[in-house]
Amino acid sequence: MKGGGSRDHGYKWLEDLREIIIDPKRCPDAWREFTSYEFEIDLNGNYKSGYPDGNDHTMDATRYALESLIRKGGFIKWT
């Protein structure tokens, strides 16, 4: 679901996961996005608030796919 705050909520949920495993050979775009995503820094060297937008298509696809878990506050555990 799109809506006010859904992106920030979804990204925060992903950020709070203990581990996200991505095979860089099978999913190079996802691996690149997840490993290079950084908060922006202002002119004083402080981090800007909020999640930067752009070059995050697979991250958005991931949070869309996991939306039902995110809304419930759940987690994933594969064994």
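1. R7, D53 and D56 are joined in a network of salt bridges, a salt bridge being a side-chain nitrogen of Lys or Arg within 4 Å of a carboxyl oxygen of Asp or Glu. The model is predicted, with pLDDT of at least 70 required for local features and 80 or more for side-chain atom pairs, while totals for chains, interfaces and linings use all residues. Residues are numbered from 1 along each chain as its sequence is written, and side-chain values use heavy atoms, with hydrogens and water left out.

2. D56 sits in the loop between α2 (28–36) and α3, and R7 in helix α1, so the pair ties together parts 49 residues apart in sequence. D56 counts as buried at 2% relative accessibility, and R7 counts as buried at 17%. Here buried means under 20% relative accessible area, exposed over 50%, and partly exposed in between (1.4 Å probe, protein chains only).

3. By the rule above, the count comes to five salt bridges. One of them links R32 and D29, whose closest N and O atoms are 3.4 Å apart. R32 and D29 are three residues apart in helix α2 and so are separated by about one helical turn. R32 is partly exposed at 34% relative accessibility; D29 is also partly exposed, with a relative accessible area of 46%.

4. D60 and R63 form another salt bridge, with 3.1 Å between the closest N and O atoms. Both residues lie in helix α3, three residues apart, about one turn of the helix. D60 and R63 are both buried.

5. E33, in helix α2, deserves a separate remark. E33 is buried yet has no salt bridge, and the nearest side chain of opposite charge, R32, is 4.4 Å away. For charge, Lys and Arg count as positive and Asp and Glu as negative, with His and the chain ends not counted. Leaving aside residues up to four places away in sequence, E33 touches N55, D56, H57, T58 and M59, where contact means heavy atoms within 4.5 Å.

6. On helix packing: the axes of α1 (residues 6–16) and α3 (residues 57–65) come within 10 Å and cross at roughly 90 degrees. Axes are lines fitted to C-alpha atoms, for helices over the stretch in contact, and angles run from 0 to 180 degrees between N-to-C directions. The two helices, α1 and α3, are therefore roughly perpendicular to each other; angles under 35 degrees count as roughly parallel, over 145 as roughly antiparallel, 65 to 115 as roughly perpendicular and the rest as oblique.

7. In this packing, S6, R7, G10, Y11 and L14 of α1 meet M59, D60, T62 and R63 of α3. The residues of the contact divide into three nonpolar, three polar and three charged. Ala, Val, Leu, Ile, Met, Phe, Trp, Tyr, Cys and Pro count as nonpolar, Asp, Glu, Lys and Arg as charged, and the others, Gly among them, as polar.

8. As to the overall fold, the protein has four helices and zero strands, and its elements run α-α-α-α from the N terminus on. Helices (H or I, at least four residues) and strands (E, at least two) are DSSP runs, numbered from the N terminus. Of the 79 residues, 24% count as buried. Among contacts with a separation of 6 or more, 59% are between residues 24 or more positions apart.
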